[in-house]
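Subject: Structure for your review

Dear colleague,

Please find below the structure that I am handing over to you.

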Number of protein chains: 2
Amino acid sequence: MAEPRWLDDRQSRAWLGYRRMRLLLDAQISRDLHRDSGLSDADYDVLSALTARQDRRWRLQELADRMLWSKSRLSRHISRMEERGLVSREECATDGRGAVIVLSEGGWRAIQEAAPPHVESVRRHLIDLLTDEQLDALGDISDIVLSNLASDDA
Amino acid sequence: MAEPRWLDDRQSRAWLGYRRMRLLLDAQISRDLHRDSGLSDADYDVLSALTARQDRRWRLQELADRMLWSKSRLSRHISRMEERGLVSREECATDGRGAVIVLSEGGWRAIQEAAPPHVESVRRHLIDLLTDEQLDALGDISDIVLSNLASDDA
DNA sequence: TAGCGCTCGTTGACATGTAAACCAAGTTCG
DNA sequence: CGAACTTGGTTTACATGTCAACGAGCGCTA
């Protein structure tokens, strides 16, 4: 490889800033979530995905795809959430191999209670700190990066 | 709690975009790093921190503070890196309890070889996709979020 | 319809993170 | 000085993630 194109000051500030923000912001929001509702990030994401469906149920594989998780990760996590009464497994009527993940009554209550303080936390640590222009810039950047990654895959 | 202040479209786009970008971008850059040089993100961060010092050595606690890692995490990670010949431990001359982490010759070579393709990966998936204005916006956002978190602590 | 290959979900073996207990070495203060 | 407290690092117990192998069921095709 020829002399690498190192990052200049502006680029370096953006990259290091992003990395450190990611490290600290996510940790803080996770801590808030866990303190306020006893849920982990992963728990919250699973419960959110389940409520996004009217019948509050997903096939395991579909849910894993949507969340960009491995099947194995989701299967293990569902087992733990099942023990805590947040979700349950049912057999799939149309596929003997299938597992259907269902939001339980307890899971519904948990996400209902967790959501308001979680939104407040996200606002306090990120959203309410930014101008509309900055929010748009963050949305734009995410779109650009994500569509670039998607085109890599193809 | 009164009716929560849910996120509007602009805010929601920024937040969900950030979350998904973080998930996919970091995974991709980690994969590239591991494929190109056999190092994990954590390995790379430790080696980078060590090279930032002229004498290429840090007290364990100081290094943990700088990286925002727990002592226990760093201690374990150093043990694994030690087995691979990337770093070594030395006793501390001024504090009998202390451990000094030293970059080894192998670690120096590893980071030298890893850095150029890593920078390319960061450029390809993030930096080179953005305009100067977007880079500045990302830097600004990070600064705002980080200084807000710092003031929370105080 | 029998066989073969693929998919679905689970699991075993292992990598890595956290929280808390622990030991040893410093430090403070009567 | 010396007991009590603090600090630095390691370790134990456990939580959670990955990869690869597995068993069971689906479905194409000969």
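I begin with the DNA. In this predicted model, 20 residues surround DNA strand D, and the closest are B:Gln61, B:Ser75, B:Arg76, B:Arg89 and B:Arg97. By class, the surface near DNA strand D consists of 10 charged, eight polar and two nonpolar residues.

B:Ala99 instead uses a backbone N or O atom, which lies 2.9 Å from a phosphate oxygen. At a base, a nitrogen is 2.8 Å from an N or O atom in the side chain of B:Lys71. Two or more residues of this surface come from each of helix H4 (71–83) of chain A, helix H3 (60–67) of chain B and helix H4 (71–83) of chain B. Helix H4 of chain A contributes the most, with five residues.

I turn now to the two protein chains. Contact between them involves 58 residues of chain A and 59 residues of chain B. The buried area is about 6000 Å², and carbon and sulfur atoms give 64% of it. Between chain A and chain B there are 18 salt bridges; in one salt bridge, the side chains of B:Arg10 and A:Asp136 meet at 2.9 Å, N to O. The side of chain A that touches chain B has 31 nonpolar, 19 charged and eight polar residues.

With kind regards

Notes. Residues are numbered from 1 along each chain as its sequence is written. Chains are lettered from A and ligands numbered from 1 in the order in which they are written. This is a predicted model: local features need pLDDT of at least 70, side-chain atom pairs count only at pLDDT 80 or more; totals for chains, interfaces and linings use all residues. Side-chain values use heavy atoms; hydrogens and water are left out. Contact means heavy atoms within 4.5 Å. Buried area is the accessible area (1.4 Å probe) that two parts lose on being put together, summed over both. A salt bridge is a side-chain nitrogen of Lys or Arg within 4 Å of a carboxyl oxygen of Asp or Glu. Ala, Val, Leu, Ile, Met, Phe, Trp, Tyr, Cys and Pro count as nonpolar, Asp, Glu, Lys and Arg as charged, and the others, Gly among them, as polar. A residue is near a molecule or strand if one of its heavy atoms lies within 4 Å of it. A polar contact is a pair of N or O atoms within 3.5 Å; within protein, one must be able to donate a hydrogen and the other to accept it, and residues adjacent in sequence count only if both atoms are side-chain atoms. Helices (H or I, at least four residues) and strands (E, at least two) are DSSP runs, numbered from the N terminus.
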